[in-house]
Amino acid sequence: MYIEIIVLYLKSYISTNDFEKILYDNIDSFEEEIEEDIIYELINADYNSKENIIHLKKCLNDYITSNYLSLFKIINDVFVEKIIDANKNDDITNILKKKYKKKKVIIIDCNMIYTHTDFIKIFKHDLKFPLYCGNNWDAINDLIFDVIFPSELHFVGWDLLKKRLPKDTRILKNILDKIEKSRCIILYT
């Protein structure tokens, strides 16, 4: 569990202030799970110093990727969404709920979309895709499960957009068909 907390911190799901508080509130448990030299780095870090935080994150990243790479790879937005949906009453869940509260509805107005580039840009922006996501459907397809979807995604003016950009709408619809209806209801009007 405390390895997960470190990964959540490394991937910026948890702030430095929250991480420091969790660390000191649970120091005995961290010591049971984590190697002594890493505990030393955690305890001796100055959490108010940018240089110290950079050094600490490098040490933690090296430790995690050397020992827990598979866990590091699976922690993403969907993982965080599952933690939130589990609705536990613990510090981590409460922090994540505040920061990543799932939106009820996102409406994408397709009436104002005229180009392939605008379509991708608006879709990525509204669903908060990571900045490193490329501006193409393959990149969106690769990261579709790394995004926290709203309860409902509504495309207004879809029929008009299908006439303007038939290939793009077909591609996106195929990508979105992978999303479970229990995760997000998708409406095309």
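## Charges and overall build

Lys and Arg count here as positive and Asp and Glu as negative, while His and the chain ends are left out. On that basis, the chain carries 27 positive and 31 negative side chains. The centres of these two sets are 12 Å apart.

The model is predicted. Its chain contains 12 helices and three strands. Taken along the principal axes, the C-alpha atoms fill a box of roughly 60 × 30 × 30 Å.

## Surface and burial

The chain has 189 residues, and 43% of them count as buried. Its accessible surface is about 11,000 Å². Carbon and sulfur atoms account for 52% of that surface.

Contacts in the chain can also be sorted by separation in sequence. Among those between residues at least 6 apart, 64% join residues that are at least 24 apart.

In soluble globular proteins, nonpolar side chains tend to be buried together. In this chain, the largest nonpolar core has 37 residues. Leu8, Phe19, Phe30, Ile34 and Leu42 are the residues with the most contacts inside that core. At least two of its residues come from each of α1 (2–10), α2 (16–25), α3 (27–33), α4 (36–44), α5 (50–67), α6 (69–74), α7 (77–86) and α8 (91–99). The largest share, eight residues, is supplied by α1.

Leaving aside residues up to four places away in sequence, Leu8 touches Tyr13, Ile14, Ile75, Val80, Ile83, Ile92 and Leu96. Another core, of 28 residues, lies apart from the one described above. Phe129, Val147, Ile175 and Leu176 are among the residues of this other core.

## Helix α7

Helix α7 is largely enclosed by the rest of the structure, because seven of its 10 residues are buried. The buried residues are Asp77, Val78, Phe79, Val80, Glu81, Ile83 and Ile84. They pack against α1, α6 and α8. Two of them, Val80 and Ile83, are touched by Leu8.

At the start of α7, a side-chain oxygen of Asn76 comes to within 3.0 Å of the backbone nitrogen of Phe79. After α7 comes Asn87, which has a positive phi, near 55°.

Notes:
Residues numbered from 1 in each chain as written. Predicted model: local features only at pLDDT ≥ 70, side-chain atom pairs only at ≥ 80, totals over all residues. Heavy atoms only, no water. Core = buried A, V, L, I, M, F, W, Y, C linked by side-chain atoms within 4.5 Å. Buried < 20%, exposed > 50% of the residue type's maximum accessible area, 1.4 Å probe, protein only. Helix = DSSP H or I, 4+ residues; strand = E, 2+ residues; numbered from the N terminus. Contact = heavy atoms within 4.5 Å. Polar contact = N/O pair within 3.5 Å; in protein donor to acceptor, adjacent residues only side chain to side chain. Areas by Shrake-Rupley, 256 points an atom, 1.4 Å probe, with all protein chains shown as cover. Charge placed at Lys NZ, Arg CZ, Asp CG, Glu CD.
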